[in-house]
Every structure is written in structure tokens, then in C-alpha cells.
Amino acid sequence: MASPLSSWFGSRALREVCCGRAGPIPKMLESLRLIDFKSFVDETIPFSPVTFLVGANAAGKSNVLDALRFLRGTHYELRLAEVLDGEEGRAPDAWKGIRGGSREAARYGTDGFAIHSRWREDFRVDGEQDDVLVGWHRIRCEVKPVVRLL
């Protein structure tokens, strides 16, 4: 499985910027919007450097973690079906998928889901904060049942 950072650090110029005196501070997730994902109809979850997920049983805490795991899985060289259901072959280091897989990813009664994430990256030059980049990452998936003929 390729590292999600391998392509980012691929160029010499970026390595010099990142490893020298000037460079980015690690990216931070600012918010996550879940639309028809598992138990969420349309909810935006804000994040800070320290975030606690607190709630009653069946409030959706594990579903938020599943959304984060889904986002992480999209950075690997996997098909979306493998991100949801896990890699075939099940080697010890294989991607395991998310809880419930593709059967339970979309909210009951819907045929798809969307996950929008907002990321912030601060750049420092000579130890001082210089620029701020804010980026969006949007994914829309349709989940349809597969009919297998024997």
C-alpha cells in the first residue's frame, strides 16, 4: 500500500521546502460534513487540535470515526469498493474496510452518501506563521446492491 505522503514529498523542491527552514505545518481537519452517511442526514462536525466525541449510545460517535477511516482509505491505491468493504485476499496488512462495509455506508433508504472535509495548512517562514491554505475535499458515492448470478 502506498503512503499517502509519498506523492506529496515526491519532488525535490517540495522536500527542500518541507525539510528546510521554510515549510508547512501538518494539515489539520477543520470540519467534516456527512450527508446520508450511516446515521447522519446532513451534519457538520467541527474539529480543533483536541476534539472529543461525546454522546449517548447510538448517537453516531463510531460513525464519525468510520467517516474518518473512509477518508483515510481514499488516499491509498484502492477502489472505492475496497475502501468500504476491505481488500480481497486479507493479508495481515490488508485494508479492513469500514464497519458495515458498503451495505451500511449509505443511510437507510438512500442510495448514496457524501463526505466533505475542510482542511487547513499553515506555512511558516523562518519560524513565523506566513500563509494559510484552506482546502476542501468532497466525495460522493452511490451504493447499489450487487446481484450475483450463480
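Rings of Phe, Tyr and Trp (for Trp, the six-membered ring) form an aromatic pair if their centres lie within 6.5 Å, and the pair is called stacked for planes under 30 degrees apart, edge-to-face for planes over 60 and tilted for the rest. The structure, a predicted model, holds three aromatic pairs. In Phe37 and Phe113 the ring centres are 5.1 Å apart and the planes stand at 65°, so this pair is edge-to-face. Phe37 belongs to the loop between E2 and E3 and Phe113 to strand E4, so the pair ties together parts 76 residues apart in sequence. Helices (H or I, at least four residues) and strands (E, at least two) are DSSP runs, numbered from the N terminus.

Phe70 and Phe113 form an edge-to-face pair, with 5.4 Å from centre to centre and 80° between the planes. Because Phe70 lies in helix H2 and Phe113 in strand E4, this pair ties together parts 43 residues apart in sequence. Phe70 and Phe113 are both buried, where buried means under 20% relative accessible area, exposed over 50% and partly exposed in between (1.4 Å probe, protein chains only). Phe37 also counts as buried, at 0% relative accessibility.

A nonpolar core is a set of buried Ala, Val, Leu, Ile, Met, Phe, Trp, Tyr and Cys residues joined through side-chain atoms within 4.5 Å. The largest such core has 24 residues, of which Leu32, Leu34, Phe37, Val64, Phe70, Phe113 and Ile115 touch the most other members. Elements that each supply at least two of its residues include strand E2 (28-35), helix H2 (61-74) and strand E4 (112-125). The greatest contribution, four residues, comes from H2. This helix has 14 residues and reaches 21 Å from its first C-alpha to its last, close to the 20 Å expected at 1.5 Å a residue, the expected span being 1.5 Å times one less than the number of residues.

The mean pLDDT, the predictor's confidence in each residue from 0 to 100, is 76 for the protein, and 69% of the residues reach 70 or more. Over residues 1-23 the pLDDT is below 50. Where pLDDT is low, predicted coordinates should not be read in detail.

Residues are numbered from 1 along each chain as its sequence is written, and side-chain values use heavy atoms, with hydrogens and water left out. In this predicted model, local features need pLDDT of at least 70 and side-chain atom pairs count only at pLDDT 80 or more, whereas totals for chains, interfaces and linings use all residues.

Notes. Contact = heavy atoms within 4.5 Å.
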